[in-house]
Amino acid sequence: TKEEKQPEVWLDTLSNAQNKNAAALVMLLLYGSVRVVGGTSKAARQVAEALDTFVGRYLLLTTVAYVVIKFVHFKVFPDFPPL
């Protein structure tokens, strides 16, 4: 399958890079840099999504609590506190 062949391709590339084959070394460096950028991007996306979920959840809860408090204040106890 395709997944089984891919490690063999990169092992060949690595052995070519060790044999001072310039094209294989450039290919290996390019692959490594793309992989690092992809991993960094994935981590940044996960952090942003976690922060967005956290902020969104608590923003919703505080908004609902505020509306409930104001409803109770103005509709249930309209003359509270007495002047």
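The following dialogue examines how terms are applied to this predicted model.

Mentor: Local features need pLDDT of at least 70 and side-chain atom pairs count only at pLDDT 80 or more, while totals for chains, interfaces and linings use all residues. Residues are numbered from 1 along each chain as its sequence is written, and side-chain values use heavy atoms, with hydrogens and water left out.

Trainee: Why is valine 64 called partly exposed?

Mentor: Buried means under 20% relative accessible area, exposed over 50%, and partly exposed in between (1.4 Å probe, protein chains only). Valine 64 has 46% relative accessibility, and therefore counts as partly exposed. This valine 64 is found in helix α2, residues 22-76; helices are DSSP runs of H or I with at least four residues, numbered from the N terminus.

Trainee: What makes glutamate 49 and arginine 45 a salt bridge?

Mentor: The term requires a side-chain nitrogen of Lys or Arg within 4 Å of a carboxyl oxygen of Asp or Glu. The closest N and O atoms of glutamate 49 and arginine 45 are 3.2 Å apart, so the pair meets that cut-off. The structure holds one salt bridge.

Trainee: Why are glutamate 49 and arginine 45 separated by about one helical turn?

Mentor: Because they are four residues apart in helix α2.

Trainee: How do you know that glutamate 49 is partly exposed?

Mentor: Its relative accessible area is 42%, so glutamate 49 is partly exposed. Arginine 45, at 43% relative accessibility, also counts as partly exposed.

Trainee: What share of the chain counts as buried?

Mentor: Of the 83 residues of the chain, 4% count as buried.

Technical notes
Helices (H or I, at least four residues) and strands (E, at least two) are DSSP runs, numbered from the N terminus.
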